[in-house]
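The sequence and the model are shown first.

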Amino acid sequence: MALHLIKLCVGADRTEDLEGWIDARRHAAAAERRPFEQLHQTRMFPKRSGEILDGGSLFWVIRGQVRARQPILDLRQVVDAEGISRCHIVLQPALVLTRPQPRRAFQGWRYLDAADAPDDLASGDDTDELPADLRYELAVLGLM
């Protein structure tokens, strides 16, 4: 069973914001004629990396709800310009929308067991046709 990571998506109000940031990075890479790779940098390297690389995803908390995930392709230990060790989480660029799940704020990332992870929103799901903001509000009210 895969182990996942969960992290707050600071500055995003909707999943569309996160998609926009990914697209902006993709376009910047194309403009610079370099290969595009979706990276997220964190301070700490996960000690349980083997379990994460066995099919894990990074789940994003947006406005107090888990709303999307990105499969993790690799974890790389890097050293930044100041000589500080960091972790690059290499992600599949496409977002997978999930059923909203409430989550309190926290700092950094946390491990998320597969049993506790929200289900993906299936295409063709009745809620898939609702606007993202309406899905969020219904979830906050406990109606979804």
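**Basis and overall fold**

A contact is defined here as heavy atoms within 4.5 Å. Among contacts in the chain between residues at least 6 apart in sequence, 65% join residues at least 24 apart. The model is predicted, so local features need pLDDT of at least 70 and side-chain atom pairs count only at pLDDT 80 or more, while totals for chains, interfaces and linings use all residues. Residues are numbered from 1 along each chain as its sequence is written, and side-chain values use heavy atoms, with hydrogens and water left out.

The chain has 3 helices and 7 strands (DSSP runs numbered from the N terminus: helices are H or I, at least four residues; strands are E, at least two). Their order along the sequence is β-α-β-α-β-β-β-β-β-α. Of the 144 residues, 40% are buried (under 20% relative accessible area; exposed is over 50% and partly exposed lies in between, with a 1.4 Å probe and protein chains only). The chain exposes about 8400 Å², of which carbon and sulfur atoms supply 50% (Shrake-Rupley method, 1.4 Å probe; for residues, only the protein chains shown count as cover).

**Nonpolar cores**

A nonpolar core is a set of buried Ala, Val, Leu, Ile, Met, Phe, Trp, Tyr and Cys residues joined through side-chain atoms within 4.5 Å. The largest has 18 residues, of which L5, W60, I72 and I89 touch the most other members. At least two residues of this core come from each of β1 (3–8), α1, β3, β4 and β5 (85–91). Another core, of 7 residues, lies apart from it and includes V61, F106, L112 and A117.

Beyond its neighbours within four places in sequence, I72 is in contact with L5, I52, L53, G56, S57, L58, I89, V90 and L91.

**T98 in strand β6**

T98 belongs to β6 (residues 96–102) and is buried because its relative accessible area is 2%. Residues up to four places away in sequence aside, T98 touches F59, V66, R67, A68, R69, P118, D119, D120 and L121. A polar atom of the T98 side chain lies 3.5 Å from the backbone nitrogen of A68.

**Positive phi at two arginines**

R33, in the loop between α1 (15–31) and β2 (38–42), is a residue other than glycine with a positive phi, near 55 degrees. R33 counts as exposed because its relative accessibility is 79%.

R63 is likewise not a glycine, yet has a positive phi of about 50 degrees. R63 is found in the loop between β3 (57–62) and β4 (65–79), and its relative accessibility of 37% makes R63 partly exposed.

Technical notes
A polar contact is a pair of N or O atoms within 3.5 Å; within protein, one must be able to donate a hydrogen and the other to accept it, and residues adjacent in sequence count only if both atoms are side-chain atoms.
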